[in-house]
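Me: I would like to go through this structure with you, one topic at a time. Could you keep the answers plain?
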Amino acid sequence: MNTPKRVVVTGATGLIGKSLVRALVARGDAAVVLSRRPDEARTLVPGAAAYLPWRPGDDASLDEAVDGADAVVNLGATSLFARRWSSAFKREIRESRVQGTRSVVAAIGRASRPPSVLVNASAVGIYGPRGSELVDEGSPLGDDFLAGVCISWEAEARQAEQHGARVVLLRSGVVLDPHEGALKMLLLPFRMGVGGPLLPGSQWMSWVHRDDEVGIILHAIDTPELSGPLNAVAPYPQMNFEFAKALGETVGRPSWLPVPDFAVRLAVGEVADTVTTGQYVVPRKAMGSGYAFRFPIAAAALADLLG
């Protein structure tokens, strides 16, 4: 049994953060929530040991939280799906990740008792569109916008190694949650009876159930041998048309009407690239280090989330 830990969580009110704090509390850890709105966080994620106000540049609360903690999980970042992408919003996407991580790493450097591990969010977008090529943690990196953001993000996080922290770079796939993110966007046409694959339909989708996303984070905290890139994706990616079929069957709606990629882009803008281009990413390091997936198959994951 693992000894209870003090774990600092930024981005605790986000899609992953809420589930992570619940899991930490359930297993007896002391979760310390850093949030721009701590009173709101107390309502959204009850049970944490402390709720501290923080935004990048507010060193006092960050230093108080980090000094003496066993681990920091840095999830704080503007959601890619928060609104339609513009030049200004793309700057916000980048700056929220890079500047926030820079502040966290600086606090680790100032701590008299620094945490032993930093688990820092990243994304499989770092690999760029790859078609049907198998991608693992050792694969080359991409050169598009999201890849560039993730490369800069991870570079900031790696600076914590200079302060003695083990750094895990959590490269998440499409995290399945019916209330937020890509699945919420995909659900709408299905519930209207006009759902179907996003053309061409043959693009691979590397997804992960939110519970396995949290499970991999806990595994990263608890496994001293893990460091560097860690793909947080289910072991069985699916082509988009297969995922659409499973989604339609789960919600009891048709899944035959294909959606042209230009229509998705017209509706939501450039963020459509996250679901209309493909990556076949596998969780080689997670499985190799002993993580057992609760939901390795998309149909079972969707049934759990939507059934």
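Me: Is Glu92 buried, partly exposed or exposed?
Reply: This is a predicted model, and in it Glu92 is partly exposed, with a relative accessibility of 30%.

Me: Which residue forms a salt bridge with Glu92?
Reply: The partner is Arg83, and the closest N and O atoms of the two residues are 2.5 Å apart. Arg83 is partly exposed as well, at a relative accessible area of 44%.

Me: How many salt bridges does the model hold by this rule?
Reply: The count is 16. One of them joins Glu154 to Arg171, with 2.8 Å between the closest N and O atoms.

Me: Which residue meets Arg27 in a salt bridge?
Reply: Asp222 does, through its side chain, with an N to O distance of 2.7 Å. The two come from distant parts of the chain, 195 residues apart: Arg27 sits in the loop between helix 1 (15-26) and strand 2 (30-35), while Asp222 is in helix 7 (residues 210-222).

Me: How accessible are Arg27 and Asp222?
Reply: Arg27 is partly exposed at 30% relative accessibility. Asp222 falls in the partly exposed class with a relative accessible area of 21%.

Me: Which residues are linked with Arg27 and Asp222 in a network of salt bridges?
Reply: Lys5 and Asp29 are; together with Arg27 and Asp222 they make up the network.

Me: How do strands of a sheet pair in general?
Reply: They pair through backbone hydrogen bonds, in either a parallel or an antiparallel sense.

Me: How many bridges join strand 1 to strand 2?
Reply: There are 5 bridges between these parallel strands. Val8, for instance, has Val32 in strand 2 as its bridge partner. Between the two strands the chain passes through helix 1, and this β-α-β crossover is right-handed.

Me: And over how many bridges does strand 1 pair with strand 4?
Reply: Strand 1 and strand 4 (residues 71-74) pair over 4 bridges, in the parallel sense. Here Val9 has Val73 in strand 4 as its bridge partner.

Me: How many residues of strand 1 are buried?
Reply: Strand 1 (residues 6-10) is mostly covered, with 4 of its 5 residues buried.

Me: A change of topic: where is Gln279?
Reply: Gln279 is in the loop between helix 10 (273-276) and strand 13 (280-281). At 13% relative accessibility, Gln279 counts as buried, because the cut-off for buried is under 20%.

Me: Which residues does Gln279 touch, leaving out those up to four places away in sequence?
Reply: Gln279 touches Val124, Gly125, Tyr127, Gly128, Pro129, Arg130, Gly131, Trp204, Met205 and Ser206. As for Val124, its backbone oxygen lies 2.8 Å from a polar atom of the Gln279 side chain.

Me: Last one. Where is Glu242 placed, and is it buried, partly exposed or exposed?
Reply: Glu242 is in helix 8 (residues 240-251). Glu242 is partly exposed, at 31% relative accessibility.

Me: What separates the C-alpha atoms of Glu242 and Pro197?
Reply: The distance between them is 8.0 Å, although Glu242 and Pro197 are 45 residues apart along the chain.

Definitions and conventions
Residues are numbered from 1 along each chain as its sequence is written. This is a predicted model: local features need pLDDT of at least 70, side-chain atom pairs count only at pLDDT 80 or more; totals for chains, interfaces and linings use all residues. Side-chain values use heavy atoms; hydrogens and water are left out. A salt bridge is a side-chain nitrogen of Lys or Arg within 4 Å of a carboxyl oxygen of Asp or Glu. Buried means under 20% relative accessible area, exposed over 50%, partly exposed in between (1.4 Å probe, protein chains only). Two strands pair if DSSP finds at least two bridges between them. A crossover is right-handed if, with the strands pointing away from the viewer, the path from the first strand over the helix to the second runs clockwise. A polar contact is a pair of N or O atoms within 3.5 Å; within protein, one must be able to donate a hydrogen and the other to accept it, and residues adjacent in sequence count only if both atoms are side-chain atoms. Contact means heavy atoms within 4.5 Å.
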